[in-house]
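Subject: Handover of a structure

Dear colleague,

Please find below the structure that I am handing over to you. My findings follow it, and I would ask you to read them with the structure open.

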Number of protein chains: 2
Amino acid sequence: MTQASAPSYAFDADARLGPVDADGAFTLTVSDRWNALGGVVNGGYLMTLCVRALHEILSFPDPLVVSAHFLRPVAPGPARIRTSVARLGRRTATGEASLYSCGKEAVRVIGTFTEFDEGPARTLIADRPPDLPAPEDALDLLEGSRLPAVTMADRIEYRVPALPGWLTGRPSGDPRAEFWMRFRDGRDADALALPLLVDAAAPVVLELGVPRSSTIELTVQVLARPAPGWLSCRATTRHLIGRHHDEDFQIWDSTGLLVAQSRQLALARTASS
Amino acid sequence: MTQASAPSYAFDADARLGPVDADGAFTLTVSDRWNALGGVVNGGYLMTLCVRALHEILSFPDPLVVSAHFLRPVAPGPARIRTSVARLGRRTATGEASLYSCGKEAVRVIGTFTEFDEGPARTLIADRPPDLPAPEDALDLLEGSRLPAVTMADRIEYRVPALPGWLTGRPSGDPRAEFWMRFRDGRDADALALPLLVDAAAPVVLELGVPRSSTIELTVQVLARPAPGWLSCRATTRHLIGRHHDEDFQIWDSTGLLVAQSRQLALARTASS
């Protein structure tokens, strides 16, 4: 994973941890280059910062399953991450990381790491990737759109078979999406980037007319190290009950291998809430 | 929820917390009446003990989303649960609970609680319940079967449209199941029982010939308080990649409302591992 140390890529530059402070916490800067709809710092990016910290303290390289509870909004700028080891095992290790912003705990993450086998993972069953036109025949989701607050859209490129209803002002009522995704600057995704990417697209609940959504909890399962190239993705909201909705997200690599799946529970906001 | 204090039901008796010890931890006894396949203490039951502890310390009655990482096996007998509050908010509160067995941390849980509205939850979209024969026309899953190590089967009743392949010695290759479930002793499920029930059935990966499975991480989303009566359930494994598989579990109440969904990542074991 020589890429992880290449500072020329935005992801590596912005998911870098600074020195450990006197209390044993990692110091870091939360970048303003990964803001999602509403101009708020993206939850997957915040989870990724915690995953980076766990990567530092655990004895295995690959995140296997990581759960994040989002407690408070985070402002771009200085932050700290406190970590602790829960268990170091023979095949897995588990730790906890809490990100503090403006002196308050904002995200708490528990993650179990492992080491994936080299080479393609033996797959007995898995969902098939979506049937998409080739990336070069698909549409650039945001070409021609103006979403200046969504700085994340400058970092990540999305290719869609057709423009989604929420973007053209006519929500479809069908909260599903299938599309291609990659980092715009050419960085290939690795296992450590997947916890960011599962939360890197607009929530499909937009297709139900919900204007905004705040993640309460997000769990990502990383299943294998992705091969280089475009990632194909499927996002699905299965329920909107009371104030809450879910979103499932799956990512396949360029060889068609399912490499990550996530689920989140989120608060459906009104325009004013 | 007057039921929760009725000691005559097995669930209430066995999910009861004892006094707080000098270190501020809840003392309790892990019952041997909720053992799963392999004779091991069921993960959902252990999560439920932690949910009970969070229920004590948080200011909201209903678990909304709870994530558990399973660190070590737990022996029936005395145990302790340490808790801490992460955030008390206006509409939700989040806390952490760690269950210690034989002096070691065995389960770590983060849970966010809320208070559900009284009455049926407003449902905009949700998966429909499975199309099952009425419980009285369905088969008792375990009638005639001898699974003496699985003490949980004495607590919970399962009604199936047809006996599953794994039980009759011919795994079907299709890791899905749909069935009815309820407590045998007549206790109706409430929101606090759902984190147990999402993990209370045999893993559907048995249909792939996997003899045993150990949960690494389990997240449950509770969507509403269930109405009294039978619960209908759907369990699905979508991937078995390398040594790991997932399982999704959904529960609908007797009115057809989706009340819980969970996902777990688990280690597929061989007969000897």
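In chain B, both Phe11(B) and Trp34(B) are buried. Please note that these findings rest on a predicted model.

How are these two residues placed along the chain? Phe11(B) belongs to helix α1 (residues 10-14) of chain B, while Trp34(B) sits in the loop between β1 (26-30) and α2 (43-57) of chain B. They are 23 residues apart, and their pair links distant parts of the chain.

Over all chains, the structure holds 12 aromatic pairs. One of them is formed by Phe11(A) and Trp34(A), with a distance of 6.4 Å centre to centre and an angle of 80° between the planes. This pair is edge-to-face. The ring centres of Phe11(B) and Trp34(B) likewise lie 6.4 Å apart with planes at 80°, so that pair is edge-to-face; the angle that counts for this is over 60 degrees. Phe11(A) and Trp34(A) are both buried.

Is His244(A) buried or exposed? Its relative accessibility is 7%, and the cut-off for a buried residue is under 20%; His244(A) therefore counts as buried. Apart from neighbours within four places in sequence, His244(A) is in contact with Ile216(A), His239(A), Leu265(A), Ala266(A) and Leu267(A), and also with Leu64(B) of chain B.

Finally, I turn to chain A as a whole. Chain A contains three helices and 14 strands. Its radius of gyration is 18 Å, close to the 19 Å that the globule rule gives for 273 residues, so chain A is as compact as a globular protein of that length. The C-alpha trace of chain A spans about 50 × 45 × 35 Å along its principal axes. Of the 273 residues in chain A, 58% count as buried. Chain A exposes about 10700 Å², and carbon and sulfur atoms supply 50% of this area.

Which share of the contacts in chain A joins residues at least 24 apart? Among contacts between residues at least 6 apart in sequence, the share is 68%. As for charge, chain A carries 28 positive and 32 negative side chains, and the centres of the two sets are 5 Å apart.

Yours sincerely

Methods:
Residues are numbered from 1 along each chain as its sequence is written. Chains are lettered from A and ligands numbered from 1 in the order in which they are written. This is a predicted model: local features need pLDDT of at least 70, side-chain atom pairs count only at pLDDT 80 or more; totals for chains, interfaces and linings use all residues. Side-chain values use heavy atoms; hydrogens and water are left out. Helices (H or I, at least four residues) and strands (E, at least two) are DSSP runs, numbered from the N terminus. The radius of gyration is taken over C-alpha atoms; the globule rule is 2.2 Å times the number of residues to the power 0.38. Buried means under 20% relative accessible area, exposed over 50%, partly exposed in between (1.4 Å probe, protein chains only). Contact means heavy atoms within 4.5 Å. Accessible areas come from the Shrake-Rupley method with a 1.4 Å probe; for residues, only the protein chains shown count as cover. Lys and Arg count as positive and Asp and Glu as negative; His and the chain ends are not counted. The place of a charge is taken as NZ of Lys, CZ of Arg, CG of Asp or CD of Glu. Rings of Phe, Tyr and Trp (its six-membered ring) pair if their centres lie within 6.5 Å; planes under 30 degrees apart count as stacked, over 60 as edge-to-face and the rest as tilted.
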